[in-house]
Each structure stands twice: as structure tokens, then as C-alpha cells.
Amino acid sequence: MMLSSGKRFRATLQKSKPLQIVGTVNAYCAKLATQAGFEAIYLSGGALAAVSYGLPDLGITNLNDVLTDVDRITSSVDTPLIVDIDTGWGNDFTIARAIQALIKHGAAGVHIEDQVNEKRCGHRPNKRLVSEEEMLGRIRAADQARKENDPDFYLIARTDAVAVEGLKSAIARAVQYQTAGADALFAESCTTLEEFHAFVKALDIPVLANITEFGKTPLFTVEELASRGISMILYPFTAVRVMNKAAQEAYKTLKSHGSQKSLIPQMETRDTLYDVLNYLAYEDKSQR
């Protein structure tokens with residue numbers, strides 16, 4: 001019997017600390033990340049909004065938008081996928097429905113946050129949080145739904161309280177989130193290694209460090225974070241930023257030079273594309 005995606009993620013986390021989790025915004029990126037050796041991947045709500053819908057990360061996309069890309073990724077690779085579900089898109093019923101649907105579509109786990117529904121990117125100013133009790137309700141709803149559908153589905157609680165209420169309040173919230181059923185804690189917008197370590201010392205569950213570019217958190221190394229007891233390191237947007245920059249330069253070059261010849265050294269070759277996609281095997285099967 002094949003292990004569920006959640007169970008495979010738990011096994012991977014158990015043997016790989018800290019576990020590096022890399023953002024994959026589409027199925028092809030998921031293949032590339034898997035080929036590069038990553039054992040867990042991630043679908044960012046902000047990346048999905050930008051790349052799939054051309055929208056800012058302000059809670060505009062919904063469950064069905066996310067399921068479309070989740071299904072594409074999980075149909076392409078077996079690498080466990082953690083999904084950003086923002087605030088859960090509503091009340092306890094919508095949160096439960098989201099968990100049930102994501103399990104059905106092959107996700108390994110999710111993270112759900114304590115911002116208000118009209119959320120902001122975690123590294124932007126003027127974030128607002130729901131009450132601790134409301135967030136506990138979100139976690140309990142998600143926990144109950146996963147127990148009913150796949151007890152191994154991984155539930156991460158994200159807190160944005162460090163930037164809004166301060167470290168002491170954020171840790172107090174995190175302790176309650178652990179009690180409510182969270183498997184891990186996503187500590188957003190920490191600015192020092194000592195802040196991350198404070199969460200690790202206060203909790204009995206793994207702590208995830210979000211290492212995203214151009215934000216509040218310095219780009220700490222694996223070794224630095226491991227020394228403070230961090231269990232998971234997330235790189236949600238790295239590949240997307242590189243891809244977007246490359247696309248911008250390619251479009252500018254084509255427009256200004258009238259040729260792509262100068263871009264050839266920067267391109268993935270046709271042979272590499274075919275290798276990633278296992279193209280020749282498909283072609284051979286078609287001919288037979």
C-alpha cells in the first residue's frame with residue numbers, strides 16, 4: 001500500500017533536519033526541484049497569485065485557484081507538497097473543506113495563518129491579526145478535518161505576530177497553536193537567529209524559518225538555522241524571482257535586438273527539456 005503524501009513528508013522531515021523546502025510554482029518547476037534533490041516542495045500563495053493570475057498577494061485567490069495548481073504539481077511528481085492556504089478562506093466549514101480537498105488532490109500538508117482574511121504579504125507593513133481565539137478555531141477546524149480524512153496530513157500554524165505584537169506575544173500565541181493541534185510553527189518575519197531560537201525553546205513541535213528575499217528576515221544559511229534548532233527552512237519565491245528576471249531580460253532583448261541569439265547561452269536546451277519531461281519515452285510509446 002502506498003504511503004500518503006503526508007506520511008511521506010513526516011518520514012522525510014524525521015530524517016532531514018533541517019529540511020529544505022523549495023517553492024515550485026508549477027509542475028515543471030516541481031520536476032526541476034525534484035531532479036535537483038529536494039525532498040519537499042511548496043506552493044506559495046503569493047507566487048501562485050502573481051504567476052498564475054497576475055495578482056498581488058492580498059488574499060484575492062481562492063481554494064479552487066489553488067487546487068488547480070496543486071493538482072498539476074501532484075500529478076507531475078511524488079515529492080511531498082506543502083501548500084499555503086492563507087487564512088483558510090473563511091469560517092470553520094471552508095477551512096475543513098479546503099483540508100479535505102487538498103488531501104484528495106495529493107497535498108502533503110498546509111500552513112494556515114493568523115492574519116485577518118484581507119491579508120497582506122508577511123513582509124509588508126500594516127498587517128492585522130485575528131484574535132488568538134479565532135486562530136485557535138482555524139487550527140482546530142483544520143485538525144479535525146485532517147483527522148477525518150488523513151491523520152498524517154501535516155498542519156503548520158503560521159504566526160505574523162512578531163512584526164505586529166512583538167516576540168513575547170508571538171511566542172504566547174505559538175504555544176496555544178501547538179496545544180490546538182498544529183504539527184509545526186511557521187515563525188514569520190523574524191529578524192534575528194535569537195528570535196527563531198526563542199520559538200524553538202518555547203515549543204515542543206518543529207519550527208519553520210521562512211527565508212525569502214527582499215524581506216525582513218536576513219538570508220540565514222542552513223548551518224546558522226540548524227545551530228538554533230530550526231527543523232524546516234522554506235525558500236518560497238527564489239526560483240520565481242530568478243525566472244521572472246530572466247523573462248524580463250529575454251523580452252527586452254528580443255524587442256531591442258530583434259533576435260534571441262545573444263540569449264542562447266542562458267537558455268535551457270531542447271535536449272534538457274526533453275530529458276526532464278521524459279519526452280523520448282512518450283514519443284516511443286506513441287509510435288508503438
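## Strand S4 and its burial

In this predicted model, both faces of strand S4 are covered: Gly 109, His 111 and Glu 113 on one side are buried, as are Val 110 and Ile 112 on the other. The strand spans residues 109-113, and five of its five residues are buried.

## Neighbours of S4 in the barrel

S4 belongs to a closed barrel of eight strands with parallel pairing, in the order S1-S2-S3-S4-S5-S6-S7-S8. Neighbouring strands of this sheet are turned against each other by 25 degrees on average, direction ignored. Strands of a sheet pair through backbone hydrogen bonds, in either a parallel or an antiparallel sense.

On one flank, strand S3 (residues 81-84) runs parallel to S4 and is joined to it by three bridges; Asp 84 has His 111 of S4 as its bridge partner. With strand S5 (residues 154-159), S4 also pairs in the parallel sense, here over five bridges, and Gly 109 stands opposite Tyr 154 of S5.

S4 takes part in two β-α-β units: S3, helix H5 (residues 92-104) and S4 make a right-handed one, and S4, helix H6 (residues 132-149) and S5 make another that is right-handed.

H6 lies across S4 and S5 and runs at about 170 degrees to S5. Helix H8 (residues 167-180) lies across S5 and S6, at about 160 degrees to S5.

## Packing of H2 against H12

Helix H2 (residues 27-35) packs on helix H12 (residues 270-277) at an angle of about 85 degrees, the axes being 10 Å apart. Since angles of 65 to 115 degrees count as roughly perpendicular, H2 and H12 are therefore roughly perpendicular to each other. H2 contributes Tyr 28, Lys 31, Leu 32 and Gln 35 to the contact, and H12 contributes Thr 272, Leu 273, Asp 275, Val 276 and Leu 277.

## Ser 5 in helix H1

Ser 5 is part of helix H1 (residues 5-15). Its relative accessible area is 9%, so Ser 5 is classed as buried, the cut-off being under 20%. Leaving aside residues up to four places away in sequence, Ser 5 touches Pro 80, Leu 81, Gly 106, Ala 107 and Ala 108. Between Ser 5 and Ile 82, the separation is 77 residues in sequence and 9.7 Å in space, C-alpha to C-alpha.

## Backbone features in the loops

Most residues other than glycine have a negative phi, and most peptide bonds are trans. The bond from Lys 17 to Pro 18 is cis, with omega near -5 degrees; Pro 18 is located in the loop between H1 and strand S1 (19-23).

Asp 86, although not a glycine, has a positive phi of about 50 degrees. This residue lies in the loop between S3 and H5, and Asp 86 counts as buried because its relative accessibility is 5%. Asn 278 likewise has a positive phi, near 55 degrees, in a residue other than glycine. Asn 278 sits in the loop between H12 and helix H13 (279-287). With a relative accessibility of 46%, Asn 278 counts as partly exposed.

How values were computed. Residues are numbered from 1 along each chain as its sequence is written. This is a predicted model: local features need pLDDT of at least 70, side-chain atom pairs count only at pLDDT 80 or more; totals for chains, interfaces and linings use all residues. Side-chain values use heavy atoms; hydrogens and water are left out. Buried means under 20% relative accessible area, exposed over 50%, partly exposed in between (1.4 Å probe, protein chains only). Helices (H or I, at least four residues) and strands (E, at least two) are DSSP runs, numbered from the N terminus. Two strands pair if DSSP finds at least two bridges between them. A crossover is right-handed if, with the strands pointing away from the viewer, the path from the first strand over the helix to the second runs clockwise. Axes are lines fitted to C-alpha atoms, for helices over the stretch in contact, and angles run from 0 to 180 degrees between N-to-C directions. Angles under 35 degrees count as roughly parallel, over 145 as roughly antiparallel, 65 to 115 as roughly perpendicular and the rest as oblique. Contact means heavy atoms within 4.5 Å.
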